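Hi everyone, thanks for coming.

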Amino acid sequence: MAELKYWLWLTTRKGLGPAGALTVLDHFGTPERAFYGEEGDFGLLPLDSFARRSLLDKSMDEPNRILGDCDRLGVRVMTFQDAGYPQRLRQIGLPPVVLYIKGKAFRFDEEPAIAVVGMRRCSAKGVEWAEKMGLDLASKGALVVSGIAEGVDCHAIRGALSGGGPVVSLLAGGVDVKFPYENRFYYDDVAAAGALISEYPPGTPHKGAHFKPRNRIISGLCLGVLAIECEVQGGTMLTVGHALEQGREVYALPVGPDEGRARGTNRLIHDNMARLVESAEDVLEDYVDLYPSKLAKLAPLPPEVARARLSQGVDKPRRERPVQRPPREEPGKRELVPRARQRDRFTDDELSVLAAAAKSALTADEIVERTQIPAKRILSAITMLQVQGAVEERPGRRFYALVELEG
């Protein structure tokens, strides 16, 4: 416990974030050594001045408060250097330094974990499919991983709970902060049947800025990500982008072309970024040989049993709300990204795409030819840049950079 407080001290330094905390760990080896470091020691770190100054604050008030909250709430803290820290997560580009866990302990590296993600304002059909896939995956032995927000996420969790299987929810706030309020009952159910996990300490509100970094953990813990109903831009595409960068499999349910929510999932399938699936078996067939004891070829639940489980307390679909889209940049008014900020904001592949498409709109094949980067990585980078509003698609499936990189 004495050592744990130093991990909490490190991860609560203002302006540091996961990347900064990992930089400190690389330099000092342990949080305790960093705690006893002095100003001259921190001057050698590749951090901005604000982050370096935060390391001079040696107050233990916040770490002690967090430890007290964890004890009171029954929350475990897992650190990056713990033996039980998942290797899957350790190998992603920016692994979380600490995780707060309420519920069961999972050995994720031994679990056929599948993430189920999708848009919040999903259709009634999306609700049906999210619950069915969650139920079928869980009942066949998969560990279902998702968020707990409204829409596809919470309905996938609901289906998994109905299927009697294990379930994990990744949160964008503290495990004790129930958000949204109408889904508060799921928190207790998930903690009892599986686990609530967050990289944010108890008491942390669910902020919009927390959802994007949370998504990298959802995909990082899993073997694959299943997308159900999503637009070309949004949180689901961010998770898909992380999955592709992390070498995870991506699956998507096709949607009828007359459905407004078809654009994202159908685009993933069309661009060969995701495999078309129509059932849980289509997803799990990739992993049966790797996890034979977990994914035994169980007989499917009888249809009447599945319907009975899913019919108990089904939420009524919410009335659709219009999606607010950011205005497009006007020609000639592109944002200039300073050289010092480029690598903080974009990956190497994304920078290559932006440089290639800076002067004229190009097809994905033309970008591949100019950059000599494999097509799958280019398609992933284009998707992520569209999500960030840094690239727009023009007629003829051509892509144009909406930001300018300082030379």
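Predicted model: local features only at pLDDT ≥ 70, side-chain atom pairs only at ≥ 80, totals over all residues.

Let's begin with the largest nonpolar core, which has 123 residues. Which of them touch the most other members? Those are V24, L55, L137, V168 and L226. As for secondary structure, helix α19, residues 375–387, gives the most to this core, with 7 residues.

Let's stay with L226 for a moment. Leaving aside residues up to four places away in sequence, L226 touches A115, V116 and V117, then M133 and L137, then Y251, A252 and L253, and finally V277.

Now please find helix α1, residues 4–11. Is α1 mostly covered or mostly open? Mostly covered: 6 of its 8 residues are buried, namely L4, Y6, W7, L8, W9 and L10. And what do these buried residues pack against? Their partners are the helices α2 (17–28), α3 (31–35) and α6 (61–73), along with the strands β1 (76–79) and β2 (98–103).

My last stop is a helix pair. Helix α9, residues 152–162, packs with helix α10, residues 184–193, at an angle of about 45°, and their axes are 11 Å apart. That angle makes α9 oblique to α10, and their crossing is left-handed. On the α9 side we have C154, I157, R158 and L161, which meet Y186, D189, V190 and A193 in α10. Sorted by class, this contact has 6 nonpolar residues, 2 charged ones and no polar ones.

Thanks, everyone!

Key
Residues numbered from 1 in each chain as written. Heavy atoms only, no water. Core = buried A, V, L, I, M, F, W, Y, C linked by side-chain atoms within 4.5 Å. Buried < 20%, exposed > 50% of the residue type's maximum accessible area, 1.4 Å probe, protein only. Helix = DSSP H or I, 4+ residues; strand = E, 2+ residues; numbered from the N terminus. Contact = heavy atoms within 4.5 Å. Axes fitted to C-alpha atoms, helices over the stretch in contact; angles between N-to-C directions. Parallel < 35°, antiparallel > 145°, perpendicular 65-115°, else oblique. Left-handed = near helix turned anticlockwise from the far one by under 90°. Nonpolar A, V, L, I, M, F, W, Y, C, P; charged D, E, K, R; others polar.
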